[in-house]
Amino acid sequence: DEMGKARVYNSIGNIYLNLSDYKYSLEYLHKCLNITKELDDKPFEVFVLINIGLAYQELGDYTSSLEYNLQSMQTCTNNNIEVPESLLNNIGIVYQNLGDYDTSLEYFNECLKLAEKNDNQLDKGFTLGNISIVYSQQKNYTAALEYLHQSLEIFRSLGNRLAEANAYLNIGKAYRGLNDHEKAIEYELKALKLHEDIADLSGKSSTLLYIGEIYLSIGNYEKAKEFFVNGLRVAQDIGDTINETNAYLQMGE
């Protein structure tokens with residue numbers, strides 16, 4: 001059962017992707033792709049190529065990520081398969097990471113139209129959030145907030161609390177960009193509460209550290225230290241070495 005074997009390889013690859021073990025993720029996803037090409041299952045091939053593109057994106061290898069994402073797009077075009085919203089979003093993110101904001105926004109806007117056409121509220125919410133990140137990187141925080149509040153309403157209506165927490169986090173960052181530190185902390189605390197409610201401890205740690213960073217930037221060192229120490233403790237409890245490292249760096253500051 002070669003297709004069964006391919007699907008298992010894809011699942012293992014995705015689990016390693018979620019564990020941030022990109023080397024093994026790519027090993028299994030490439031095994032899956034080789035079988036899928038022999039079986040000539042184009043719709044499944046599209047999704048395997050998307051997963052490989054995502055793994056390379058997480059590795060920071062944006063050239064390879066773009067290569068596989070565009071292969072996926074070409075496979076859709078050649079076989080009359082509708083391009084998935086997630087693929088357009090992923091390509092937009094790659095161009096955003098490459099600093100090509102105009103091309104990034106083109107893909108995000110195309111994704112937004114497709115999500116609205118298909119009444120795909122989840123991908124619409126994610127796309128609005130991605131557009132806001134581009135505007136934030138361009139320091140257009142007012143435009144970023146407009147898109148963030150739209151995405152927040154969608155995630156609230158869907159009951160997606162993790163996405164809602166991330167929206168609060170990004171709203172706080174945008175207010176910080178506008179030098180409205182009071183509003184920034186207000187929204188970061190909302191994000192923190194949601195991360196606690198859904199037991200997202202890694203998200204809780206990074207939010208604690210970001211609040212500490214805001215206090216550090218305005219010279220309230222005691223408050224900053226309090227949040228850094230709490231963020232460090234959470235990171236240590238769950239073995240989150242990235243946030244643990246960030247906490248040490250920020251406490252050193």
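An axis, as the word is used in this tour, is a line fitted to the C-alpha atoms of a helix over the stretch in contact, and the angle between two axes runs from 0 to 180 degrees between their N-to-C directions. The structure on display is a predicted model.

**First stop: helices α7 and α8**

Select residues 121–137, which form helix α7, and residues 141–158, which form helix α8. Their axes come within 8 Å and cross at roughly 160°. Angles over 145 degrees count as roughly antiparallel, and α7 and α8 are therefore roughly antiparallel to each other. The crossing of α7 past α8 is left-handed.

Next, display the side chains where the two helices meet. On the α7 side, the residues in contact include Leu122, Phe126, Leu128, Ile131 and Tyr135. On the α8 side, they include Tyr141, Tyr147, Leu148, Ile154 and Phe155. What kinds of residue make up the contact of α7 with α8? They divide into 13 nonpolar, 7 polar and 1 charged.

Move to Asp119, in the loop between α6 (101–117) and α7. Most residues other than glycine have a negative phi. Asp119 is not a glycine, yet its phi is positive, near 50°. Is Asp119 buried or exposed? Its relative accessible area is 56%, and a residue counts as exposed over 50%; Asp119 is therefore exposed.

Select residues 22–39, which form α2. This helix has 18 residues and reaches 25 Å from its first C-alpha to its last, close to the 26 Å expected at 1.5 Å a residue. Colour the buried residues of α2, among them Tyr22, Leu26, Leu29, Leu33 and Thr36. An α-helix has 3.6 residues a turn, so residues three or four places apart point the same way. Which helices do the buried residues of α2 pack against? Their partners are α1 (2–18), α3 and α4 (62–78).

Continue to Asp40, which follows α2 and lies in the loop between α2 and α3 (42–59). Asp40 has a positive phi of about 60° although it is not a glycine.

**Last stop: Ser65 in α4**

Finally, select Ser65, which is placed in helix α4. Its relative accessible area is 0%, and residues under 20% count as buried; Ser65 is therefore buried. Which residues does Ser65 touch, leaving aside those up to four places away in sequence? Display Gly53, Tyr56, Gln57 and Val94 to see these contacts.

Technical notes
Residues numbered from 1 in each chain as written. Predicted model: local features only at pLDDT ≥ 70, side-chain atom pairs only at ≥ 80, totals over all residues. Heavy atoms only, no water. Helix = DSSP H or I, 4+ residues; strand = E, 2+ residues; numbered from the N terminus. Parallel < 35°, antiparallel > 145°, perpendicular 65-115°, else oblique. Left-handed = near helix turned anticlockwise from the far one by under 90°. Contact = heavy atoms within 4.5 Å. Nonpolar A, V, L, I, M, F, W, Y, C, P; charged D, E, K, R; others polar. Buried < 20%, exposed > 50% of the residue type's maximum accessible area, 1.4 Å probe, protein only. Expected span 1.5 Å × (residues − 1).
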